[in-house]
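Please open the model in the viewer and keep the sequence at hand.

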Amino acid sequence: MRGSGSSVSWSRPACSRPVAPPGTTTTAGTVTSSTVATGTGGSAGSTGSGSSGGGQSNTGTTAPSGPAPTINSFVTPDNIDCHNGNSQNFSASWTTTNAVKTTISIDGSGVYKTYGANGSDSLPFNCSSAHTFLLTAYGQDGRTATKSITLQPRNVQTTTTDSQPGTTTTS
């Protein structure tokens, strides 16, 4: 009775639903916990019918565990001598720390080959142009380290045509 000057106190009746602790979501009388992952990014709150809790859910990646891989060395020649023809091979070697495997890609066209953490190989080189070799080291948690080297051909053999038909000379 509000208008008569008397004060009325209201008390809320006991709730039959369980009370959800902070960071949880209640839906139709059921308490469900929200999971919070460690990492970067994410969004706050939850959606659904019923009341919404104020907890945070993280949809980003989990924090990396373990040390990151490092490429200590990636050794190749400075350039490739092509005086013996258009297709050459050269030796490359590498060492890493905290890597479980490595891969080499040539000119960004996918993985050429997969290796252990440290290794060496004879790699192909086509003397028609410069080529980029990308070494990728993979850590146990999926993190990567990369190093690329671009090699130039030198002493490239060119083919010229003589003034006489059917005669080709190589310089």
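**The nonpolar core**

Begin by selecting Phe74, Phe90, Trp94, Leu123, Phe125, Phe133 and Leu151: these have the most contacts inside the largest nonpolar core, which has 20 residues. A nonpolar core here is a set of buried Ala, Val, Leu, Ile, Met, Phe, Trp, Tyr and Cys residues joined through side-chain atoms within 4.5 Å; buried means under 20% relative accessible area, with a 1.4 Å probe and protein chains only. Two or more residues of this core come from each of S5, S7, strand S8 (101–106), S10, strand S11 (131–138) and strand S12 (144–154). Strands are DSSP runs of E of at least two residues, numbered from the N terminus.

The model is predicted: local features need pLDDT of at least 70 and side-chain atom pairs count only at pLDDT 80 or more, while totals for chains, interfaces and linings use all residues. Residues are numbered from 1 along each chain as its sequence is written, and side-chain values use heavy atoms, with hydrogens and water left out.

**The whole chain**

Of the 171 residues in the chain, 22% are buried.

**An open sheet**

Now select S5, S7 and S10, which form an open antiparallel sheet in the order S5-S7-S10. Strand S5 (70–75) and strand S10 (119–126) are at the edges with a single partner strand each, so one side of each has no neighbour in the sheet. From one strand to the next, the twist averages 30 degrees. S5 pairs with strand S7 (residues 87–97) over 5 bridges; two strands pair if DSSP finds at least two bridges between them. Within S7, Trp94 is the bridge partner of Phe74.

**Aromatic pairs**

How many aromatic pairs does the structure hold? There are 3, a pair being rings of Phe, Tyr and Trp (its six-membered ring) with centres within 6.5 Å; planes under 30 degrees apart count as stacked, over 60 as edge-to-face and the rest as tilted.

Select Phe74 and Trp94, an edge-to-face pair at 6.4 Å centre to centre, with 80 degrees between the planes. Phe74 lies in strand S5 and Trp94 in strand S7, so this pair ties together parts 20 residues apart in sequence.

Move on to Phe90 and Phe133, also edge-to-face, at 5.0 Å centre to centre and 80 degrees between the planes. Phe90 belongs to strand S7 and Phe133 to strand S11, so the pair links parts 43 residues apart in sequence. Both Phe90 and Phe133 are buried.

Definitions and conventions: Helix = DSSP H or I, 4+ residues; strand = E, 2+ residues; numbered from the N terminus. Axes fitted to C-alpha atoms, helices over the stretch in contact; angles between N-to-C directions. Buried < 20%, exposed > 50% of the residue type's maximum accessible area, 1.4 Å probe, protein only.
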